[in-house]
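This report describes selected features of one protein model. Please keep the sequence and the structure at hand while reading.

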Amino acid sequence: MSVPKTPLLKPFFLLLLFLFFLLFFHLYLHSKKTPISSAVASSSTAALIRIRPGFRSYDDYIKLQLNKTLNPRLRHLWATRDWDRKVRAFSRFFADLAAEGFLSNASAALCVGARLGQEVAALRGLGVGSALGMDLVPAPPLVVAGDFHAQPFPDESFDFEFSNVFDHALYPERFAAEVERTLRPGGVAVLHVAVHRRGDKYSANDLLGGVDGLVALFNHSEVVRVRKVDGFGLDTEVVLRKTNTKRNKPTTKSK
């Protein structure tokens, strides 16, 4: 005796329709979750900072960053052959900043995007004992877990913040806002960026035509100076000091 098939067709098509609706709804929500194309569109700096295409969502962006951070070959390199070389170079940068009064042994210092923490080791070696690093992947005891788009620290926690990963920020405005939020009034932010050369394949943004686009993101800081450096593929150092008031116009002071 054959089993009648016709009565099963209606439930089958209803199930397909339901699954199609769920898929459509999921894709709709996913597209709304992270508006990549509007990352800097709301700012007048949109023409000065280019967000690299290719990120369909924030999850895609995080996966790319973790591909570098968790790469076993790179982590071995950072912890061995690169370690002493980078600690020495960072020590020179920080010693210069300390000599100019931007940093002291009493400073509460944060290194944003610190990987394994070479810059933290350099600061501690100079006597900044409370120096701490932050990265997507922690590297105890020097580096804690955190996303620079939403730092895991209270307001006004630090006197000094250093970063050489601004080009990795998918949302540059959030990066800058978090630095200013966690800096104390009078605190100093030092950024190493690429102006005259392109960042690596893990970069999420590019500065176009100088540092004006970067400076414009810091609404509550004044530029102290801009100078050329040789910082592991990054060629420009920007030093900003947080003020108590909102800045009206970006001004850069080159050295």
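The model is predicted. It contains an open sheet of seven strands with mixed pairing, in the order S4-S3-S2-S5-S6-S9-S8. S4 and S8 are the edge strands, and each of them pairs on one side only. From one strand to the next, the twist averages 20°. In general, the strands of a sheet pair through backbone hydrogen bonds, and the pairing is either parallel or antiparallel. Strand S5 (residues 158-163) and strand S6 (residues 183-193) run parallel and are joined by five bridges. Within this part of the sheet, Phe-158 stands opposite Leu-183 in S6. Helix H5 lies across S2, S3 and S5, and runs at about 160° to S2.

Thr-69 belongs to helix H2 (residues 58-69). Is Thr-69 buried or exposed? Its relative accessibility is 1%, so Thr-69 counts as buried, the limit being under 20%. Apart from neighbours within four places in sequence, Thr-69 is in contact with Arg-75, Trp-78, Arg-115, Asp-135 and Val-137. With one of these, Arg-115, the side chain of Thr-69 makes a polar contact of 2.5 Å.

Arg-115 is found in the loop between strand S2 (109-112) and helix H5 (118-125). Arg-115 counts as buried because its relative accessibility is 13%. The backbone of Arg-115 has a positive phi of about 50°, although Arg-115 is not a glycine.

**Aromatic residues**

How many aromatic pairs does a search of the whole structure find? The search finds 11. Such a pair of rings is described by the distance of the centres and the angle of the planes. Two of the pairs are listed here.

| Pair | Centre to centre | Angle between planes | Type |
|---|---|---|---|
| Phe-55 and Tyr-61 | 5.7 Å | 80° | edge-to-face |
| Phe-166 and Phe-175 | 5.4 Å | 85° | edge-to-face |

Why is the pair of Phe-55 and Tyr-61 classed as it is? The planes of these two rings are at 80°, and an angle over 60 degrees counts as edge-to-face, so the pair takes that label. Phe-55 is buried, with a relative accessible area of 11%. Tyr-61, at 2% relative accessibility, also counts as buried. Phe-166 and Phe-175 are both buried.

Ring pairs also link Phe-90, Phe-94, Phe-160, Phe-162 and Phe-232 into a cluster. Over the ring of Phe-232 sits the charged end of Lys-86, 5.2 Å from the ring centre. The charged end of Arg-174 sits over the ring of Tyr-171, 4.0 Å from its centre.

**Backbone geometry**

Most residues other than glycine have a negative phi, and most peptide bonds are trans. Phe-232 is not a glycine, yet it has a positive phi of about 55°. This residue lies in the loop between strand S8 (221-231) and strand S9 (234-242). Phe-232 has a relative accessibility of 31%, so it counts as partly exposed.

Which peptide bond is cis? The bond from Pro-140 to Pro-141 is cis, with omega near 5°. Pro-141 is located in the loop between strand S3 (132-135) and strand S4 (143-145).

Note on methods:
Residues are numbered from 1 along each chain as its sequence is written. This is a predicted model: local features need pLDDT of at least 70, side-chain atom pairs count only at pLDDT 80 or more; totals for chains, interfaces and linings use all residues. Side-chain values use heavy atoms; hydrogens and water are left out. Helices (H or I, at least four residues) and strands (E, at least two) are DSSP runs, numbered from the N terminus. Buried means under 20% relative accessible area, exposed over 50%, partly exposed in between (1.4 Å probe, protein chains only). A polar contact is a pair of N or O atoms within 3.5 Å; within protein, one must be able to donate a hydrogen and the other to accept it, and residues adjacent in sequence count only if both atoms are side-chain atoms. Contact means heavy atoms within 4.5 Å. Rings of Phe, Tyr and Trp (its six-membered ring) pair if their centres lie within 6.5 Å; planes under 30 degrees apart count as stacked, over 60 as edge-to-face and the rest as tilted. A charge sits over a ring if NZ of Lys or CZ of Arg is within 6 Å of the ring centre and within 35 degrees of the ring normal. Two strands pair if DSSP finds at least two bridges between them. Axes are lines fitted to C-alpha atoms, for helices over the stretch in contact, and angles run from 0 to 180 degrees between N-to-C directions.
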